[in-house]
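Take a moment with the sequence and the fold. The walk below goes from single rings to strands and helices.

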Amino acid sequence: MSHGIELRVVPYDHPDALKLNDQVQLEYQARYGGEGDVTPLDPAMFAPPRGLYLLAYDASGAPVASGGWRGQDENDEGYSDGDAELKRMYVVAGARGLGLARRILAALEADARAAGRTRMVLETGDRQPEAIALYSSSDYTLTKKFGHYRDYESSRCMAKPLHP
């Protein structure tokens, strides 16, 4: 386990969350070009019990990782009733390799399961092999595409049942 790392529930628009969000957008731009992830997100989407947003803080109190889930129901973007969608999974460069993404992922899955969600879904891309490897090793499998980028060739959608 990563020592001295604390997970905290924060609002999606918390200043530290916004700081990490800016960093993840730069990473998307570097990998894919363009403007980053333009999926419309609203802080209310991550408010419990319909969602949760977590930040990981290191021993010095600096935010080093983020992740959240938001509830989804069946709609014309390809979601299903009972879905929980992972968003903004990110670990700052200096804290990678410590298992933080896996720890946040497990906490988000447990919270979504407790909130009655039946499937965790996520969208990533073919230029994020580390993300695909993490999710594959956590029992996620490729699924029918959904969401804002469902028509993009580089998009990869994955899902995992959240059994009680």
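**Rings, strands and helices**

Y135 is buried, because its relative accessible area is 5% and the limit for buried is under 20%. Keep in mind that this is a predicted model. Y140 has a relative accessibility of 3%, so Y140 counts as buried too.

Y149 and Y152 give another edge-to-face pair, with centres 4.9 Å apart and planes at 70°. What is the accessibility of Y149? Y149 has a relative accessible area of 13%, so Y149 is buried. Y152 has 45%, so Y152 is partly exposed. Elsewhere, Y12, F46 and Y53 form one aromatic cluster.

In count, 7 of the 7 residues of β2 are buried.

Now look at the partners of β2. Strand β1, residues 6-9, pairs with β2 in the antiparallel sense over 4 bridges. Here E6 has Y57 as its bridge partner. Y57 also has a charge over its ring: the charged end of R8 sits there, 3.8 Å from the centre. Strand β3 pairs with β2 as well, antiparallel, over 7 bridges. A56 has A65 in β3 as its bridge partner. β2 and β3 form a hairpin with 5 residues between them. In that turn, G61 has a positive phi of about 90°.

Next come the helices. Helix α1 covers residues 15-32, and its 18 residues should span 26 Å at 1.5 Å a residue; the end C-alpha atoms are 26 Å apart, which agrees. Which residues of α1 are buried? They are D16, A17, L20, N21, V24, Q25 and Y28. These buried residues pack against β2, β3 and β4. Just after α1, G33 takes a positive phi of about 75°.

Helix α2 has 15 residues, 100-114, and reaches 21 Å from first C-alpha to last, close to the 21 Å expected. Its buried residues are L100, I104, L105, L108, E109 and A112. They cover an arc of only 160° around the axis, so they lie on the same side of α2. Just after α2, G116 takes a positive phi of about 90°.

Definitions and conventions:
Residues are numbered from 1 along each chain as its sequence is written. This is a predicted model: local features need pLDDT of at least 70, side-chain atom pairs count only at pLDDT 80 or more; totals for chains, interfaces and linings use all residues. Side-chain values use heavy atoms; hydrogens and water are left out. Helices (H or I, at least four residues) and strands (E, at least two) are DSSP runs, numbered from the N terminus. The expected span of a helix is 1.5 Å times one less than its number of residues. Buried means under 20% relative accessible area, exposed over 50%, partly exposed in between (1.4 Å probe, protein chains only). Contact means heavy atoms within 4.5 Å. Two strands pair if DSSP finds at least two bridges between them. The arc is that of the directions from the helix axis to the C-beta atoms. Rings of Phe, Tyr and Trp (its six-membered ring) pair if their centres lie within 6.5 Å; planes under 30 degrees apart count as stacked, over 60 as edge-to-face and the rest as tilted. A charge sits over a ring if NZ of Lys or CZ of Arg is within 6 Å of the ring centre and within 35 degrees of the ring normal.
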